[in-house]
Amino acid sequence: MNKLRIAGVVKESVVDGPGLRYVIFTQGCYKRCAGCHNPRTQDLAGGYEASITELLTPIFDAKLISGVTFSGGEPFVQAAACAELARLIKQHRKDLNVVAYSGYYYADLLTMAEKQQAVHDFLQQIDILIDGPYDNAQKDYNLPFRGSKNQSIINLVEKK
């Protein structure tokens, strides 16, 4: 079973997607966006390794959450492990949805998915994608679940 390098988790969040969410902050990001909300998650060697099983247990035990959010860092840096974890979450907790934040735009992820099976597999498990790099020049803290106007909320369920 895969392991995921993470910066940490938040067991209950209302700002990382719709409803009460369990948030997994993946470790590692190549983008280095100016004004990054989580700069400590950029180092690929930072954080710590957690097994998929270690991450699943508290999610399965969390009765009040409506979903799980993958944030970062950049979850697509570890697309295979994120895809596996998301698949198991949805398989065993059909009441939960999956949200992922990415510094890549959706169109770029689709192009990546043509060459990288793991990216394709992770996209297949995501219900809502919040895409695009944070852009400090377009910051707007009034946007739900986003920090800048260039970022979009994309319902991937409708696109499948």
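Phe76 and Phe122 are both buried, where buried stands for under 20% relative accessible area, exposed for over 50% and partly exposed for anything in between (1.4 Å probe, protein chains only). The model is a predicted one, in which local features need pLDDT of at least 70 and side-chain atom pairs count only at pLDDT 80 or more, while totals for chains, interfaces and linings use all residues. Residues are numbered from 1 along each chain as its sequence is written, and side-chain values use heavy atoms, with hydrogens and water left out.

Let's stay with the aromatic rings. The structure holds two aromatic pairs; rings of Phe, Tyr and Trp (its six-membered ring) pair if their centres lie within 6.5 Å, and planes under 30 degrees apart count as stacked, over 60 as edge-to-face and the rest as tilted.

| Pair | Centre to centre | Angle between planes | Type |
|---|---|---|---|
| Phe70 and Phe122 | 5.4 Å | 80° | edge-to-face |
| Phe76 and Phe122 | 4.8 Å | 50° | tilted |

Phe70 sits in strand 4 (residues 67-71) and Phe122 in helix 4 (residues 117-125), so their pair ties together parts 52 residues apart in sequence. Phe76 belongs to the loop between strand 4 and helix 2 (79-92), so its pairing with Phe122 in helix 4 joins parts that are 46 residues apart in sequence. Helices (H or I, at least four residues) and strands (E, at least two) are DSSP runs, numbered from the N terminus. Phe70 is buried, as is Phe122, and ring pairs link Phe70, Phe76 and Phe122 into a cluster.

Helix 4 also contains Asp121. This residue, Asp121, is partly exposed, at 32% relative accessible area. From Asp121 to Gln138 there are 17 residues in sequence and 31 Å in space, C-alpha to C-alpha.

Now for helix 1 (residues 52-61), whose buried residues are Ile52, Leu55, Leu56 and Ile59. They span an arc of only 100° around the axis, which puts them on the same side of helix 1; the arc is that of the directions from the helix axis to the C-beta atoms. Glu54 and Asp61 are exposed on the other side of helix 1. The partners that the buried residues of helix 1 pack against are strand 1 (3-13), strand 2 (21-26), strand 3 (48-51), strand 4 and helix 2, with contact meaning heavy atoms within 4.5 Å.
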